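The following briefing accompanies a protein model and groups its features by topic. Please keep the sequence and the coordinates in view while reading.

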Amino acid sequence: MTDKFAVIDTETNWNDQVMSIGIVVADEENWKKIDSKYYIIDPEYRVGGMFSSELRLTEKEAHITGRKQALKEISKWLESYQVRKLFAYNASFDKNHLPEYSGYEWYDIMRLAAYRQYNSAIPDTAECWKTGRLKWGYGVEDILKMLSKDRRYRETHNAVSDAEDELKIMQLLGHEIGQYEIARLSPEKNSVRNCRKITAATYSGKTPEIQ
């Protein structure tokens with residue numbers, strides 16, 4: 001039996017509380033999606049947020065429940081696949097908002113996707129820091145357009161759809177799972193530099209604080 005990993009995404013409300021969680025389990029050997037779950041957190045989603053229009057409350061795959069119950073069910077589901085590794089784009093944001101999952105191994109997809117030495121699709125004309133890190137234009141939407149060469153792609157900001165798109169970034173980057181050890185978040189402390197949610201708007205200008 002091959003090992004499994006999961007890609008997770010969260011969306012937050014105006015109070016910076018998690019209002020939805022999307023998670024996809026994939027196979028480490030072929031990177032293919034195996035299963036997915038989507039939770040809308042009640043009552044937090046009722047507060048509203050920047051991407052409330054993308055919650056898709058009526059979809060049959062959406063589980064609407066309280067935070068405690070949702071996290072309990074997701075944990076049991078991950079256990080059924082023997083998943084211990086959680087990947088996310090700008091993973092510090094999701095990890096900081098899900099402290100109940102601090103026992104998992106967290107990895108930041110952006111740590112490879114935004115660096116020239118790990119992403120061969122970054123054009124020669126792109127401005128990067130000396131570390132190889134893009135100075136701007138490294139959100140999910142920009143990176144997936146770059147890798148897929150699909151200029152029509154738009155990030156939905158629906159948690160489970162975004163988790164699937166982030167898995168696609170990993171597939172297109174083509175790195176072995178072991179390469180992501182450099183992107184593993186410290187279990188002792190979370191970085192406060194990446195703790196805000198990354199949206200397309202975040203990358204409209206320069207962001208020199210993270211190099």
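Does Asp 42 count as buried, partly exposed or exposed, and at what relative accessibility? Asp 42 counts as partly exposed, at 24% relative accessibility, where buried means under 20% relative accessible area, exposed means over 50%, and partly exposed lies in between (1.4 Å probe, protein chains only).

This is a predicted model, in which local features need pLDDT of at least 70 and side-chain atom pairs count only at pLDDT 80 or more, whereas totals for chains, interfaces and linings use all residues. Residues are numbered from 1 along each chain as its sequence is written, and side-chain values use heavy atoms, with hydrogens and water left out.

**Overall organisation**

- The chain has 5 helices and 6 strands, where helices (H or I, at least four residues) and strands (E, at least two) are DSSP runs numbered from the N terminus.
- Along the sequence these elements follow the pattern β-β-β-β-α-β-α-β-α-α-α.
- Of the 211 residues, 51% count as buried, and the chain exposes about 10500 Å², of which carbon and sulfur atoms supply 48%; accessible areas come from the Shrake-Rupley method with a 1.4 Å probe, and for residues only the protein chains shown count as cover.
- Among contacts (heavy atoms within 4.5 Å) between residues at least 6 apart in sequence, 61% join residues at least 24 apart.

**The sheet and the helix across it**

- The 6 strands form an open sheet of mixed pairing in the order S4-S3-S2-S1-S5-S6, two strands being paired if DSSP finds at least two bridges between them.
- S4 and strand S6 (105-108) are the edge strands, each pairing on one side only.
- On average, neighbouring strands of this sheet are turned by 25 degrees against each other, direction ignored; axes are lines fitted to C-alpha atoms, for helices over the stretch in contact, and angles run from 0 to 180 degrees between N-to-C directions.
- Strand S1 (residues 4-12) pairs with strand S2 (residues 18-27) in the antiparallel sense over 9 bridges, and Phe 5 stands opposite Ala 26 in S2.
- Helix H5 (residues 159-173) lies across S1, S2, S3 and strand S5 (85-88), running at about 135 degrees to S1.
- Asp 35, placed in strand S3, counts as partly exposed at 24% relative accessibility, and its contacts beyond four places in sequence are with Ile 23, Val 24, Val 25, Trp 77 and Tyr 81.

**Helix H4**

- H4 is mostly covered, with 7 of its 9 residues buried, and these buried residues pack against helix H3 (110-113) and H5.
- Lys 145 and Glu 141 form a salt bridge with the closest N and O atoms 3.6 Å apart, a salt bridge being a side-chain nitrogen of Lys or Arg within 4 Å of a carboxyl oxygen of Asp or Glu.
- Because Lys 145 and Glu 141 are 4 residues apart in helix H4, they are separated by about one helical turn; Lys 145 counts as buried at 10% relative accessibility, and Glu 141 likewise counts as buried at 13%.

**Other salt bridges**

- A search of the whole structure finds 8 salt bridges.
- Glu 28 forms one of them with Lys 85, the closest N and O atoms being 3.6 Å apart; this pair links distant parts of the chain, with Glu 28 in the loop between S2 and S3 and Lys 85 in strand S5, 57 residues apart.
- Glu 28 counts as buried, at 15% relative accessibility.
- The side chains of Arg 46 and Asp 42 meet in a salt bridge at 2.7 Å, N to O, and Arg 46 counts as exposed at 58% relative accessibility.

**Backbone features**

- Most residues other than glycine have a negative phi, and most peptide bonds are trans.
- A cis peptide bond joins Asp 42 and Pro 43, with omega of about 15 degrees, and Pro 43 is placed in the loop between S3 and S4.
- Gln 82, in the loop between helix H1 (67-80) and S5, has a positive phi of about 55 degrees although it is not a glycine, and Gln 82 is exposed, with a relative accessible area of 56%.
- His 157, in the loop between helix H4 (140-148) and H5, has a positive phi near 65 degrees, and His 157 is buried, with a relative accessible area of 7%.
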